[in-house]
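Subject: Structure handover

Hello,

I am passing this structure on to you. Please look at the sequence and the model first; my notes follow below.

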Amino acid sequence: MQAVTHPAIVTRPALVARTGLGRGDAETYLQLGEPGLPVWVTDPESATAFASLREAMRAATRLPAHHRAFAVPQGALRA
């Protein structure tokens, strides 16, 4: 069985995000620090951009579950 691959999943840059943890909290984005430690920032422009949605999802699922992280295409949240 071969996996179906959509070009947007493979070629579009993506970020790792998480929803606010409390009422009125803003979404935050993953920025990988020097030794690869996660730092959460509110500015998507300063977040670590992954090469694809697949790579961002892989990074999100490797974080502890309490982060509730997910992958989002870069630029998808711009107003």
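Helices (H or I, at least four residues) and strands (E, at least two) are taken here as DSSP runs, numbered from the N terminus. This is a predicted model, in which local features need pLDDT of at least 70 and side-chain atom pairs count only at pLDDT 80 or more, while totals for chains, interfaces and linings use all residues. Residues are numbered from 1 along each chain as its sequence is written, and side-chain values use heavy atoms, with hydrogens and water left out.

Overall make-up

The chain has two helices and four strands, and from the N terminus on they follow the order α-β-β-β-α-β. Of its 79 residues, 27% are buried (buried is under 20% relative accessible area, exposed over 50%, partly exposed in between, with a 1.4 Å probe and protein chains only). Among contacts with a separation of 6 or more, 54% are between residues 24 or more positions apart (contact means heavy atoms within 4.5 Å).

The four strands form an open sheet in the order 3-2-1-4, with antiparallel pairing (two strands pair if DSSP finds at least two bridges between them). Strand 3 and strand 4 (69-73) are the edge strands, each pairing on one side only. From one strand to the next, the twist averages 45° (axes are lines fitted to C-alpha atoms, for helices over the stretch in contact, and angles run from 0 to 180 degrees between N-to-C directions). Five bridges join strand 1 (residues 14-18) to strand 4 in the antiparallel sense; Ala14 has Pro73 in strand 4 as its bridge partner. Helix 2 lies across strand 1 and strand 4, at about 165° to strand 4.

Two residues

Leu32 belongs to strand 2 (residues 28-32). Leu32 counts as partly exposed because its relative accessibility is 38%. Leaving aside neighbours within four places in sequence, Leu32 is in contact with Leu37, Thr48 and Phe50. Thr48 is 16 residues from Leu32 along the chain, and their C-alpha atoms are 6.2 Å apart.

Ala51 sits in the loop between strand 3 (38-41) and helix 2 (53-61). Its relative accessible area is 62%, so Ala51 is exposed. Pro13 is 38 residues from Ala51 in sequence, yet the C-alpha to C-alpha distance is 4.8 Å.

Regards
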